[in-house]
Amino acid sequence: MDSESGLAMELVKCLSESDCVKVEKRSFRECAGEKSPCIPSECVGLRETYFNCKRGQVDMRARIRGNKGY
């Protein structure tokens with residue numbers, strides 16, 4: 001398993017235990033895409049890391065040099 005899929009699974013697991021999914025009965029995609037106070041800070045950190053990883057795959061300069069900070 002590569003780090004991207006592991007990160008995605010951690011994000012899904014974290015969001016599935018958040019109030020956004022459990023209490024408000026919203027989808028993972030809705031909860032991951034917004035800045036909601038009912039999402040724990042560790043989920044926000046995972047989301048930012050995952051999105052930066054995905055962005056690095058699209059940016060040709062980052063594909064050659066690697067993502068910043070890693």
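This is a predicted model: local features need pLDDT of at least 70, side-chain atom pairs count only at pLDDT 80 or more; totals for chains, interfaces and linings use all residues.

A disulfide is counted here when two cysteine sulfur atoms lie within 2.5 Å of each other. In general terms, a disulfide is a covalent bond between the sulfur atoms of two cysteines. Residues are numbered from 1 along each chain as its sequence is written, and side-chain values use heavy atoms, with hydrogens and water left out.

Helices (DSSP runs of H or I with at least four residues) and strands (runs of E with at least two) are numbered from the N terminus. By this rule the protein chain has 5 helices and 0 strands, and its pattern along the sequence reads α-α-α-α-α.

The structure holds 2 disulfides. One of them joins Cys 14 and Cys 43, whose sulfur atoms are 1.9 Å apart. Cys 14 belongs to helix α1 (residues 3–16) and Cys 43 to helix α4 (residues 41–58), so this pair ties together parts that are 29 residues apart in sequence. The torsion about the S-S bond of Cys 14 and Cys 43 is about -100°, and the disulfide is therefore left-handed. Both Cys 14 and Cys 43 are buried, a word that stands for under 20% relative accessible area, whereas exposed stands for over 50% and partly exposed for the range in between (1.4 Å probe, protein chains only).

The other disulfide is formed by Cys 20 and Cys 31, with their sulfur atoms 2.0 Å apart. This pair links distant parts of the chain, with Cys 20 in helix α2 (residues 19–22) and Cys 31 in helix α3 (residues 28–32), 11 residues apart. Its S-S torsion is about -95°, so the disulfide of Cys 20 and Cys 31 is left-handed. Cys 20 is buried, with a relative accessible area of 0%, and Cys 31 also counts as buried at 0%. When the bonded cysteines of the protein chain are numbered in sequence order, the pairing is 1-4, 2-3.

Cys 38 counts as buried at 17% relative accessibility, and Cys 53 is buried with a relative accessible area of 17%.

Of its 70 residues, 26% count as buried. A contact means heavy atoms within 4.5 Å, and among contacts between residues at least 6 apart in sequence, 34% join residues at least 24 apart. The chain exposes about 5,200 Å², of which carbon and sulfur atoms supply 56%; such accessible areas come from the Shrake-Rupley method with a 1.4 Å probe, and for residues only the protein chains shown count as cover.

The charged side chains come next. Side chains of opposite charge can pair when their charged atoms come close. A salt bridge is a side-chain nitrogen of Lys or Arg within 4 Å of a carboxyl oxygen of Asp or Glu, and a search of the whole structure finds 3 of them. Glu 24 forms one with Arg 26, the closest N and O atoms being 3.2 Å apart, and Arg 26 meets Glu 30 in another, at 3.6 Å from N to O. In this way Glu 24, Arg 26 and Glu 30 are linked in a network of salt bridges. Glu 24 is partly exposed at 40% relative accessibility, as is Arg 26 at 28%, and Glu 30 is partly exposed at 42%.

A salt bridge also joins Arg 47 and Glu 48, with the closest N and O atoms 3.8 Å apart.

Rings of Phe, Tyr and Trp (its six-membered ring) pair if their centres lie within 6.5 Å, and planes under 30 degrees apart count as stacked, over 60 as edge-to-face and the rest as tilted. The whole structure contains 1 aromatic pair. Tyr 50 and Phe 51 form this tilted pair, with 6.1 Å from centre to centre and 50° between the planes. Tyr 50 is buried, with a relative accessible area of 17%, while Phe 51 counts as partly exposed at 33%.
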